[in-house]
Amino acid sequence: MLITILGWLWAATAVLLIISVLLHSPKGDGMGGLASSGSSMFTSARSAENTLNRISWTLLALFMGLAVVLSAGWLS
């Protein structure tokens with residue numbers, strides 16, 4: 001049961017990581033421009049980029065950690 005829950009959590013972090021990477025705007029607006037139309041919860045583009053960086057790195061750490069735990073067979 002724990003393996004199933006961690007598997008679903010691993011899949012959810014994968015989807016969220018993909019979304020957070022797509023929201024970055026390295027050169028142009030990209031898909032990040034979609035979120036900035038209208039009212040924004042960030043005070044500047046730099047603040048938004050820093051927040052996205054933190055979210056992406058956190059999700060990456062969770063994704064990699066869960067991948068190691070699930071593939072190593074420590075829970076079985």
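1. Ile-18 has its place in helix 1, residues 2-23. Its C-alpha is 8.8 Å in space from that of Ser-56, although 38 residues separate Ile-18 and Ser-56 in sequence.

2. Before going further, a word on what you are looking at. This is a predicted model, in which local features need pLDDT of at least 70, side-chain atom pairs count only at pLDDT 80 or more, and totals for chains, interfaces and linings use all residues. Residues are numbered from 1 along each chain as its sequence is written, and side-chain values use heavy atoms, with hydrogens and water left out.

3. How far can you trust the model? The term pLDDT stands for the predictor's confidence in each residue, from 0 to 100. For the chain, the mean pLDDT is 84, and 76% of the residues reach 70 or more. Confidence is highest in helix 1, at 96, and lowest in helix 2 (residues 32-36), at a mean of 58. Where pLDDT is low, the predicted coordinates should not be read in detail.

4. Now the overall layout. The chain has three helices and zero strands, and reading along the sequence gives the pattern α-α-α. Helices (H or I, at least four residues) and strands (E, at least two) are DSSP runs, numbered from the N terminus. Of the 76 residues in the chain, 14% count as buried. Among contacts in the chain between residues at least 6 apart in sequence, 81% join residues at least 24 apart; contact means heavy atoms within 4.5 Å.

5. Which residues does Ser-56 touch, not counting those up to four places away in sequence? They are Leu-17, Ser-20, Val-21 and His-24. Ser-56 lies in helix 3, residues 45-72, and counts as buried because its relative accessible area is 10%. There is also a polar contact of 3.2 Å between the side chains of Ser-56 and His-24. A polar contact is a pair of N or O atoms within 3.5 Å; within protein, one must be able to donate a hydrogen and the other to accept it, and residues adjacent in sequence count only if both atoms are side-chain atoms.

6. His-24, the partner in that polar contact, is worth a look of its own. His-24 sits in the loop between helix 1 and helix 2. Its relative accessibility is 16%, so His-24 counts as buried. Leaving aside neighbours within four places in sequence, His-24 is in contact with Glu-49, Leu-52, Asn-53 and Ser-56.

7. Leu-17 is found in helix 1. Is Leu-17 buried or exposed? With a relative accessible area of 15%, Leu-17 is buried. Apart from neighbours within four places in sequence, Leu-17 is in contact with Ser-56, Leu-59 and Leu-60.

8. Ala-12, in helix 1, is partly exposed at 35% relative accessibility; Ala-12 and Phe-63 are 51 residues apart in sequence and 9.0 Å apart in space, C-alpha to C-alpha. Gly-73, in the segment after helix 3, is partly exposed with a relative accessible area of 37%. Gly-73 and Ile-3 are 70 residues apart along the chain, and their C-alpha atoms are separated by 9.5 Å.

9. Finally, the surface. The accessible surface of the chain comes to about 5800 Å², of which 71% belongs to carbon and sulfur atoms. Such areas come from the Shrake-Rupley method with a 1.4 Å probe; for residues, only the protein chains shown count as cover. Leu-2, Ile-3, Val-68, Trp-74 and Leu-75 make a nonpolar surface patch of about 500 Å². Patches are made of residues with over 30% relative accessible area and no salt bridge: like charges are joined within 9 Å, nonpolar side chains (Val, Leu, Ile, Met, Phe, Trp, Tyr) within 5 Å. A salt bridge is a side-chain nitrogen of Lys or Arg within 4 Å of a carboxyl oxygen of Asp or Glu. Val-68 of this patch lies in helix 3 and counts as partly exposed at 43% relative accessibility.

Notes:
Buried means under 20% relative accessible area, exposed over 50%, partly exposed in between (1.4 Å probe, protein chains only).
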